[in-house]
Amino acid sequence: MTPDIEHFLAVGALLFSMGLAISLTKRNAIGVLMGIELMLNSVNLTLLTFARFSEGGRAVTGHAFVAFVITVAAAEAAVALALAVSVYRNRTTVDVDRINLLKS
Amino acid sequence: MEGGGAAVAFWALAAVTLGAAGGVVVSRNILHAVLFLILTFIGVAGFFALLSAPFIAVAQVVIYVGAISVLMLFAIMLTPRAGRDNGETRMLLPGVLLAVCLAAVFLFVIYDTTWGVPADDPGITASDLGAALMSTWVVPFELASVLLTAALVGAIMLVRSPREEAEDAVR
């Protein structure tokens, strides 16, 4: 059975759902970040799928978009992990349930 | 997309990627979760190669498997007393339910839509991508470099220890 566009999109959709489940349910802030990275990756997979199955002139747009998404994801990961380390330094925890300073 | 080789590669990559992502979902030790996440990234890189995007596949391996995973491992090692626990919050049931519903909607839409005749492989090479980034997308490209610089400076500022900040304030 040769893989069609539906199969690639289905893998992307399942990866996105798993990333959503991870980021909604994990208690560790770094675990939440893993879910977000997984979602960004699945979006990249979907973009490249559409690029692969579209006409030649437009396909390169999808590749350029994926390059930008990877850049933004790298910046986001660096800042988010720095925030996690910074929160740990002040509260000795990265548990999102126990970071509730604003909930007086 | 022709031949049995592509089909074998697709199903093997799908099994590895989705299996490793499931490992991230269920693993209770955060270090195991990172290792499963690395395997997921490698699987997605394989998908990129299968979708004839060689440059993006290599970038995925270098950036995600190389840099972001190491950054995550560092963050875990730098938060030693926070524990290695990667348990779930009380939102486990609603979160999983939402994800399952979302997956069902996505899959329904994907398999319900008529996608038309698949085009031939556009064959985007790294030089095509580079030419596009340097002509059509040159402004976003430069903005991305500014964003990266700002993010990395911000990250360095965030993780400085209070002692270092006190030393800088004296000067």
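## Confidence

Chain A of this predicted model has an average pLDDT of 89, with 96% of its residues scoring at least 70; pLDDT is the predictor's confidence in each residue, from 0 to 100.

Local features need pLDDT of at least 70 and side-chain atom pairs count only at pLDDT 80 or more, while totals for chains, interfaces and linings use all residues. Residues are numbered from 1 along each chain as its sequence is written, chains are lettered from A and ligands numbered from 1 in written order, and side-chain values use heavy atoms, without hydrogens and water.

## Fold and overall shape

Chain A contains 3 helices and 0 strands (DSSP runs numbered from the N terminus: H or I of at least four residues for helices, E of at least two for strands). Along the sequence the pattern reads α-α-α. With a radius of gyration of 17 Å, well over the 13 Å from the globule rule for 104 residues, chain A is more spread out than a compact globule (C-alpha atoms; the rule is 2.2 Å times the number of residues to the power 0.38). Along the principal axes, the C-alpha atoms fill a box of roughly 55 × 25 × 20 Å.

## Burial and contacts

Of the 104 residues in chain A, 61% are buried, meaning under 20% relative accessible area with a 1.4 Å probe, protein chains only. Among contacts (heavy atoms within 4.5 Å) with a separation of 6 or more, 56% join residues 24 or more positions apart.

Note on methods: Buried means under 20% relative accessible area, exposed over 50%, partly exposed in between (1.4 Å probe, protein chains only).
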